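Welcome! Take a moment to look over the sequence and the model shown here, and then we will walk through them together.

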Amino acid sequence: MGKYRRGNHFEMLEMVLKVAGMIVSVIGTVVKVIDLIDKFRHQKSNRRTPK
């Protein structure tokens with residue numbers, strides 16, 4: 001029972017990497033959304049100021 005098969009380690013590592021990849025992609029998406037909102041706010045504020 002205490003022995004681990006070699007495949008279990010690779011399955012666990014694969015799962016950890018998949019979860020890490022999902023977290024990275026979610027963070028990237030959140031950063032893109034925040035960037036778009038920031039650009040939109042700047043466009044709105046730039047329109048109101050007369051030149």
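Below is a short tour of this predicted model, grouped by topic.

**Overall fold and surface**
- The protein chain contains one helix and zero strands.
- Helix H1 covers residues 6-48.
- How much of the chain counts as buried? Of its 51 residues, the share is 0%.

**A nonpolar patch**
- Which residues form a nonpolar patch on the surface? They are Met15, Val19, Ile23, Ile27 and Val31.
- Let's pick one of them, Val19, which is found in helix H1.
- Val19 has a relative accessible area of 42%, so this residue is classed as partly exposed, a label for values between 20% and 50%.

**A salt bridge**
- Side chains of opposite charge can pair when their charged atoms come close.
- How many salt bridges does a search of the whole structure find? The search turns up one.
- The partners are Glu14 and Lys18, and their closest N and O atoms are 3.8 Å apart. That distance meets the cut-off, because a salt bridge needs such atoms within 4 Å.
- Glu14 is partly exposed, at 44% relative accessibility, whereas Lys18 is exposed, with a relative accessible area of 51%.

Methods: Residues are numbered from 1 along each chain as its sequence is written. This is a predicted model: local features need pLDDT of at least 70, side-chain atom pairs count only at pLDDT 80 or more; totals for chains, interfaces and linings use all residues. Side-chain values use heavy atoms; hydrogens and water are left out. Helices (H or I, at least four residues) and strands (E, at least two) are DSSP runs, numbered from the N terminus. Buried means under 20% relative accessible area, exposed over 50%, partly exposed in between (1.4 Å probe, protein chains only). Patches are made of residues with over 30% relative accessible area and no salt bridge: like charges are joined within 9 Å, nonpolar side chains (Val, Leu, Ile, Met, Phe, Trp, Tyr) within 5 Å. Accessible areas come from the Shrake-Rupley method with a 1.4 Å probe; for residues, only the protein chains shown count as cover. A salt bridge is a side-chain nitrogen of Lys or Arg within 4 Å of a carboxyl oxygen of Asp or Glu.
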